Amino acid sequence: MSLPTPAAERPFVPLAIAVLTVSDTRTPADDRSGDTLAARIEAAGHRLADRAIVPDDVEAIRARVGAWIADAGIDVVITTGGTGFTGRDVTPEALEPLFEKRMEGFSTVFHMVSFAKIGTSTLQSRATAGVANATYIFCLPGSPGACRDGWDEILVKQLDIRHRPCNFVEILPRLDEHLKRDKAKS
């Protein structure tokens, strides 16, 4: 009988992660939140699979993320922006209908981390997450600080197979086993 491999001895598994900035005003030249996420993704050893900016529009957001979750080469999508309460903030409305499973705990943990830094202002975020087509989707607020907090305090750990007691990487191949899709087997 073989013993389980200790977390410290597990080899790192790089993931393909796409980043979407949702904004009516950001351009590639001034997308600080997207830059923050891209830099952290690559510094952690993952691959930035794609990056885009779309306006605060339900159909534009859903189309871009829909294309990424249909791509078997993309494991994770992280969005930044559009999670507030203004009339143009529609990221949750665009993406939650795609979720096969909601990740209720992500919002809770994000708000705990955020509360420690910005207090009750964390209530102004509708950060959300879920799984769609064997792809993790995380929706973060549009500030660089929120992106740092979401990545540094939550995602860097959960997207690392060496993190214990458990992480998202080890269950990635099983996300859609009930549907017997090819993506879950690759």
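Welcome to a tour of the 12 salt bridges in this structure, each being a side-chain nitrogen of Lys or Arg within 4 Å of a carboxyl oxygen of Asp or Glu. The model is predicted: local features need pLDDT of at least 70, side-chain atom pairs count only at pLDDT 80 or more, and totals for chains, interfaces and linings use all residues. Residues are numbered from 1 along each chain as its sequence is written, and side-chain values use heavy atoms, leaving out hydrogens and water.

**Stop 1.** Select Arg-10 and Glu-170, whose closest N and O atoms are 3.0 Å apart in a salt bridge. This pair links distant parts of the chain, 160 residues apart: Arg-10 sits in the segment before β1 (16-22), and Glu-170 in the loop between α5 (144-158) and α6 (182-185). Helices (H or I, at least four residues) and strands (E, at least two) are DSSP runs, numbered from the N terminus.

**Stop 2.** Next, pick Arg-51 and Asp-31, which meet in a salt bridge at 3.0 Å, N to O. Arg-51 belongs to strand β2 (residues 47-54) and Asp-31 to the loop between β1 and α1 (32-43), so the pair ties together parts 20 residues apart in sequence. Is Asp-31 buried or exposed? Asp-31 is buried, at 1% relative accessibility (buried means under 20% relative accessible area, exposed over 50%, partly exposed in between; 1.4 Å probe, protein chains only). Arg-51 is partly exposed at 29%.

**Stop 3.** Now show Glu-93 and Arg-126, a salt bridge with its closest N and O atoms 2.7 Å apart.
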